[in-house]
Amino acid sequence: MTGGLPGAAPDERPHPDGRRNSQGVRIDPEVEAEPEPRRAVLSATVKHEPGVLAAVSGLFSRRQFNIESLTVGPTEDENRARITLVIEEPDPGVEQAKKQLEKLIPVISVTELEPTASQRELALIKVDGEAPDQVQSVAEMYGGEAVDASQETVTVEITGSRQKINAAVDTFRRFDIREVVRTGTAALERGAEQTQ
Amino acid sequence: MSEQVPPTTQTEAEAAASDEAAEDTPEGVTTGASSVVRALENTGAEYLFGVQGGAIMPVYDALYHSDLNHVTMAHEQGAAHAADAFGIVSGDPGVCLATSGPGATNLVTGIADASMDSDPMIALTGQVPTDFVGNDAFQETDTTGVTDPITKTNYFAGDEDTVGDVVGEAFAVASEGRQGPTLVDLPKDVTQAETDVEPGEAETPDTYNPPEEADDDAVEAAADAIAAAEKPVILAGGGVIKGEATDELRAFAREYEIPVITTMPGIGAFPEDDDLSLEVAGMHGTGYANMAITHCDVLVGIGTRFDDRLTGGVDSFAPEADVVHVDIDPAEISKNVHADYPLIGDAGRVIDQLDDELDRRPDPSDRYAEWREQVGAWKDEYPMDYATPDDEPLKPQFVVEVLDEATDDDTVVTTGVGQHQMWAFQFWTYTEPRTWVSSHGLGTMGYGLPAAIGARLAADDDQSVVCFEGDGSFLMTIQELSVAVRENMDITVAVLNNEYVGMVRQWQDGFFEGRRMASEYSWCPDFAKLAEAFGARGFTVADYDGVEDAVAAAVEYDGPSVIDFHIDPEENVFPMVPSGGKNGKFALKADHLDQL
Ligand SMILES: Cc1ncc(C[n+]2csc(CCOP(=O)(O)OP(=O)(O)O)c2C)c(N)n1
């Protein structure tokens, strides 16, 4: 390469000792301070119009947010829908996800729910039907019920926290699970507090 | 510079016919399409850049009776870039139009470009009739789907009674808050349908409330940090210009005598001939700007998104500095670089708030004196320079300087993307906002010429427009020369012709051991002849002696002219911070790259 400019070579220049981590946060140069991911539940009220869900899911995939679940449904107000998003991100990522979500024009509000919020998920678990009684009693243990039974299969419905459903699915493995479908988390703040 | 001839695509006979037709044209809105046109008229839009086609024909038909000036472009990409540049230079959203399918997809690069640079722009696309949508009909594309990630917001207009309001809203959203492109997709049945509903005022939806003033406590804390600093710098981004905050920025920097660096989109926010100016930082920024960023203790970033071409590796960006970040978009705060003092609000308002707060404290500028001296020493140590021996091939830097000399301070410069773009900002002295029009975030080759067309129409008649192009960039959208000729636009195109896609060649030499795969462009056409073929003036210059005369003749010529400068094909852009590198470790010459 030809050309060039006058001035001191790179190593002859003074260099500061400071450092930032990959999130751009200034840190002690000796420590490796990389933020740990955490699970955050975001609740967004949006205008009830076509294309909003696509815009939200597109935003999350485009920006590479780590989504665990995304649910959407109508609310008490027919003009509004609520989207509940569960993401796994370090703190700066959670903040960024909230702000990017808020930027979408059809999004009315976004809040991060407290870990104590009511969080529920529904699962349909279809298992081998050889021992319907045993299936029934396991379902009861998890407060669930059989919603369909055939010669070969029983389908059980379970509602509850994500952990409970994980546990139920694990337990049902002994009956040879054929199919599982889960809705992802729906959540609301506890008590009289309104989920914005 | 002589007056611009107002663009018109009509012949006199057509104009007479349209006058006649106008007499029996009803005053009010009659169709969805006329509502679209009325909405545009209401916003004060002057120019539309577009290309015709089936699905958008009802809108064009409604334009037949409108006073809006439609500029027919050679390619929809040109229409989008022209609208983008119009928005940058005028401050008001530029408007582009295209038909469905290929028309809409051809706009995509230009929309993405405007999106990355937060330029105000609105795109109107035709769409197949609603009943055909989703059936892969002829020239159907899911335009809102395709453009969702690259627009601030977009709309599928499904109702002739509200389509005008939707266009008004799109216009308002494009220009308010953090600016950006919006799009309205217009199904043909909707634009053809009868309606007499007049569009209302252009308003943003009630869910959209960009912040005005920063939180008082946050301002106080930031002012404390600035007042306590010893080595502060201001980093002015494109948001300063977009937010019309250049006066506030200039007054603030001068009052406290804080050195000012700009980002590339921020060029023109602060005059580069001011003692406090360190010009541009980043990959090809000045050595002194990058030294100052690396050693400052407080960095006041205003209207910048801390792009990686600016920061280099984020771990070594301003590693000793507390960051004050002023931005109207909360999502920019701590996105790339953590903000110790986030100030969310309108740039001009927040600078005033900071100023008021600092006024209540003892003047800190004396304490910065030593720092200013240090910064001055770096300016002497790393001057922007180049060698011009007579026997060498022509240096591109010299060409840039001669054009700068030959034109006024308020000249608008547009560029393609590559080495020439870098020389065009390094060796031209920018002093005014809205005079630098370039593709930063997307880095779109072919941007320069169509941008010059949009800039020409937005600029004052006595402002010059100069477009720097590389041979590769120029060829990408050269067809727009036909538009410049048709509209007799006074534009000077300077091709810095190195018979390479030079920036690629520079990276191959620097980082791929000189394997010049696919970077030779020795099959370049004769640009001067090509210009003449289009009906423009053409010049060819291959040595130092010819530069000044050709520049004088081209600038003097009232219409588009192209000067093909055959420059040193091996010239490279320095300083350079390699991608992801440390700003303080810029290379000043090729062998420095090996040391990094
Ligand atoms: C549309 C597009 N394609 C590819 C690139 C990658 N690219 C960046 S610079 C460059 C070379 C530009 O060559 P030229 O326009 O001749 O300018 P020079 O660098 O020689 O001044 C290329 C290919 C780009 N920026 N844009």
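B:Glu487 sits in the loop of chain B that runs between helix 20 (481-486) and strand 16 (492-497), with helices (H or I, at least four residues) and strands (E, at least two) taken as DSSP runs numbered from the N terminus. This is a predicted model, in which local features need pLDDT of at least 70 and side-chain atom pairs count only at pLDDT 80 or more, while totals for chains, interfaces and linings use all residues. Residues are numbered from 1 along each chain as its sequence is written, chains are lettered from A and ligands numbered from 1 in the order in which they are written, and side-chain values use heavy atoms, with hydrogens and water left out.

**The loop residue**
- B:Glu487 counts as buried because its relative accessibility is 3%, buried meaning under 20% relative accessible area (1.4 Å probe, protein chains only).
- The side chains of B:Glu487 and B:Arg486 make a polar contact at 2.6 Å, that is, a pair of N or O atoms within 3.5 Å, where within protein one must be able to donate a hydrogen and the other to accept it, and residues adjacent in sequence count only if both atoms are side-chain atoms.

**Atoms facing the ligand**
- An oxygen atom of the ligand lies 2.9 Å from an N or O atom in the side chain of B:His420.
- A polar backbone atom of B:Met445 is 3.3 Å from a nitrogen atom of the ligand, and a polar backbone atom of B:Tyr500 is 3.2 Å from an oxygen atom of the ligand.

**Elements of the shell**
- Helix 19 of chain B gives the most to the shell around the ligand, with 4 residues.

Notes:
Buried < 20%, exposed > 50% of the residue type's maximum accessible area, 1.4 Å probe, protein only.
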